[in-house]
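Work through these exercises with the model open beside you. Try each task before you read its solution.

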Amino acid sequence: SLVPAANSANLTATQSRVSQIMKYGFPGLDHVRSHSDYVLSYDRRNRIPHWVFEHLTAESVARNDAVDRSKCDFKPDESIHPFFRSQNTDYRKSGFDRGHMAAAGNHRLHQKHCEETFYLSNMAPQVGQGFNRDAWNTLEMHVRKLTKSYTNVYVCTGPLYLPHKEDNGKMYVKYEVIGSNTVAVPTHFYKVIVGEATDHKLHMEAYVMPNKVISNDTPLNVFQVPPETIERAAGLLFFDQINRKHLTSINGNIV
Amino acid sequence: SLVPAANSANLTATQSRVSQIMKYGFPGLDHVRSHSDYVLSYDRRNRIPHWVFEHLTAESVARNDAVDRSKCDFKPDESIHPFFRSQNTDYRKSGFDRGHMAAAGNHRLHQKHCEETFYLSNMAPQVGQGFNRDAWNTLEMHVRKLTKSYTNVYVCTGPLYLPHKEDNGKMYVKYEVIGSNTVAVPTHFYKVIVGEATDHKLHMEAYVMPNKVISNDTPLNVFQVPPETIERAAGLLFFDQINRKHLTSINGNIV
Amino acid sequence: MSKRKAEDTSTEMASGAEKISIKTNFTIGLTEPLKEYQKLIETQVQVDEIVDDEIIKNNFEGIAAAARDVIWQLLFAGSDGDGGVTSESQQKASELLEEYKGDATFYDPWEYNDWITKLRDEVLKKELLDFWRDTIVKKQLGPCWSRDCDLFDGDDTPPLEFYAHGGCTAPFAASLKVRAANNEIRASDASDAESSREPLDGEERSAERSADDEAAFTGVFDAVITREQPLSEYRDLMTRFVLTDVIVPDEIQQASVKKIAKAAQDVIWQILFEGAPSQEDQDKAADLLQEYKTDSGFYGPWEYNEWIFKLRDEVLAKELLDFWREKIVKLELGPCWSRDSDFFENDDDVPLEFYNKAGCKAPFNPPADT
Ligand SMILES: [Mg+2]
Ligand SMILES: [Mg+2]
């Protein structure tokens, strides 16, 4: 079963919360794990997620002093087979941050929601200064801010391994792997977002950012791409349950 | 009898044939496709299989003149979404063979069995001369020959993307991608085999070969590796339904 | 079910297919047959706009038929009437045949395989023995098999018989024999190995585990840092008991990190506040403080963030204003926040207030959005 048995409402992944988060379809079905406030598909070969899915509202991202961040700690995900589980030791001295895919700041309703974003299965190695702590964070804040314009914000986040052309004219995919569990360092990260307005109209935005130092004065829209580009590269289909013709806008352009 | 009777009921992927092939467990569950005589898991990001599973007997690999190879032709797999489907055009002029994962020569009971191994979803780019047509073929013939010693032979085949260390001391995964669908060229291929003897004892063999020209005088046992090595690298668990303690031998060593 | 299947197929159908007309009648002249053939393949088969396998195959069949025609003409048309084929014609036929076979291995070997036997028979009948030996046999232009083409398996029958004419043998016959012999040797090697190899001993590693690894694993060790070389002693403790290759349970590792951190706090406190610290003392304390802060960014910043306030207050109380300005403020040794540690996000609290003492302010700007 995708969903662990629920004891207290909201604090474990209930069937109904999962259907709410995944309302517009699963991008893929490989090793899906449901947490109390986000859903994740795990890439056992690369020891990082394929995708994580979140459902945000103004309430879930609001500041909440009842959530104590100091009780949140990066921890290995025991539900992943030890052969494929990343460890804190893989990241130490690697030069990369343990970058949240489902951002901690998106899950502020309950202590447990926040704590569950600290599973290492929700992390991917990200350049720290200049990326995770800067441009990528700006994008995460932009997503949270969308809850001011939309009643519901759905966001899918994950890694990409994009090819580049070399001098011999051939295309190659190349990425670093860190630690004894050879955790993949993605070349890029994506976010595909759908905002549901009060009039029920749907607006999509899609972003790809390179996993490297990005100048702080780069505007966010530089990173917008057609969602199909991400789908082809990631091997996933996003918001499959929405006919693209029913979208009012993509990346701000009326469709 | 473990061998399907030669009638039309066996010409599509029947539930019972699938359970027979997959008797000892699925290595993973990502986009599983069942054909009439093999089962495949498709990697939509890399446009090649994660793994293919076959069940071989002396009968299924025996020469059969009723199967006309000239009617077999490489064809795109329409069951794969067009974003993720490899095409013949991806391979042309690439310098790589369309390398069968489930080998055509393992499926000689029926015309349809053979033809279905020609779906491009069953292919991965392989070096032709010196690999697909030589060392890798030798390994495939070795597997067929095992049907002389064992009543049932189960074999799982697939690609690997192994990291290497560069001069800066860091580890990288690097592989070429070909064609407009960016089909991945794996760095290595694996086979994990279980032979079921007449006394019901189980024997496992596991091989990894680099996707490059291999000298014809290299003995096969040079490529034997502990099965765990492949599992960690591939992100898969092979023959999960067999307790490793119940194996009589691994790579010829009594365990 | 996907709501998007319909759209996807419709866009796929529009892919270039109808732009190129389906032609099956291709012709290749006798003057520059190779060039003409290559041009046709380039424009009608290998062009990126054509992606439909049916059209590609159809065009290839048409061009291949034209190639077969012209090869036949080049080799046999001259010989009955005006006596013999010129070596120039043979040369042209040879080049084109080789190119055609190369393409046939990818697009369709079956027609080629059928036809090449007819060509051979005619070549032998017309006694074009030079062409037979130097082109067909030497360049291995007989039927495609697994050595030429990914459509075949290695256990298909090699076309040995095809070449066994006019005093020739297949150029690959010798290597086939070597391979067969090798396979026999391999088979016997494998059975030898079965008896001789010992099972691997998985326990070896643990027997060799050093005393340090043992201590790292159990967390039982003394963390002592002296005033003499505090940074190198701190690093030594971290290296031996934390940065080990042994897999240590996270709780034990955290306790070890805390123990070493406590030792670092103690020695920094001693250096700064037990007697008047020299410049050298202050440098030492700052070096260690900086390293300790960096590590706490990874292992958990909470203790550091609490303690650094106490340190600050004591530094200001003791009026160590140089240390405050040149070290704590300038090196940003205040509480960890998102710039220092992946535990935080940019919209978490920014420790601006910490630095607002003794005429200083934070040496960084708050993020634009807070
Ligand atoms: Mg982050
Ligand atoms: Mg092959």
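**Exercise 1. The interface of chain C and chain B**

Find how many residue pairs are in polar contact between chain C and chain B, and work out which elements of chain C take part in the interface.

Solution. 
- Step 1. Begin with the polar contacts. In this predicted model, 14 residue pairs are in polar contact between chain C and chain B, both residues at pLDDT 80 or more.
- Step 2. Look for the elements. On the side of chain C that touches chain B, two or more residues come from each of α1 (5–13), α3 (53–80), α4 (87–107) and α8 (173–196) of chain C.
- Step 3. Pick the main contributor. α8(C) gives the most, with eight residues.
- Step 4. Sort by class. This side of chain C has 17 charged, 14 nonpolar and seven polar residues.
- Step 5. Count contacts. Here 38 residues of chain C meet 43 residues of chain B.
- Step 6. Turn to charge pairs. Five salt bridges cross the interface of chain C and chain B. One of them joins Lys57(C) to Asp73(B), with the closest N and O atoms 2.3 Å apart. A salt bridge needs these atoms within 4 Å, so the pair qualifies.

**Exercise 2. Area**

State how much area is buried between chain C and chain B, and how much between chain C and chain A.

Solution. 
- Step 1. Interface size is often given as the accessible area lost when the parts come together.
- Step 2. Read off chain C with chain B. The buried area is about 3,400 Å², and carbon and sulfur atoms give 39% of it.
- Step 3. Read off chain C with chain A. These two bury about 3,000 Å², with 39% on carbon and sulfur atoms.

**Exercise 3. The interface of chain C and chain A**

Describe the side of chain C that touches chain A: its salt bridges, its elements and its residue classes.

Solution. 
- Step 1. Count contacts. 29 residues of chain C are in contact with 39 residues of chain A.
- Step 2. Find the salt bridges. There are two across this interface. Glu345(C) pairs with Arg69(A), the closest N and O atoms lying 3.7 Å apart.
- Step 3. Name the elements. α12 (250–273) and α13 (279–299) of chain C each supply at least two residues. α13(C) gives the most, with four.
- Step 4. Sort by class. The residues divide into 13 charged, eight polar and eight nonpolar.

**Exercise 4. The sheet of chain B**

Solution. 
- Step 1. Examine one pair. β10 (residues 188–196) and β11 (residues 202–210) of chain B are antiparallel over nine bridges. Val192(B) stands opposite Ala206(B) in β11(B).

**Exercise 5. A link within chain A**

Explain why the salt bridge of Glu228(A) and Arg244(A) ties together separate parts of the sequence.

Solution. 
- Step 1. Confirm the pair. Glu228(A) and Arg244(A) meet in a salt bridge at 3.1 Å, N to O.
- Step 2. Locate both ends. Glu228(A) lies in helix α7 of chain A, and Arg244(A) in the loop between α7 and β12, so the pair ties parts 16 residues apart in sequence.
- Step 3. The structure holds 48 salt bridges over all chains.

Methods:
Residues numbered from 1 in each chain as written. Chains lettered and ligands numbered in written order. Predicted model: local features only at pLDDT ≥ 70, side-chain atom pairs only at ≥ 80, totals over all residues. Heavy atoms only, no water. Pairing = 2+ DSSP bridges. Contact = heavy atoms within 4.5 Å. Buried area = accessible area lost by both parts, 1.4 Å probe. Salt bridge = Lys/Arg side-chain N within 4 Å of Asp/Glu carboxyl O. Polar contact = N/O pair within 3.5 Å; in protein donor to acceptor, adjacent residues only side chain to side chain. Nonpolar A, V, L, I, M, F, W, Y, C, P; charged D, E, K, R; others polar.
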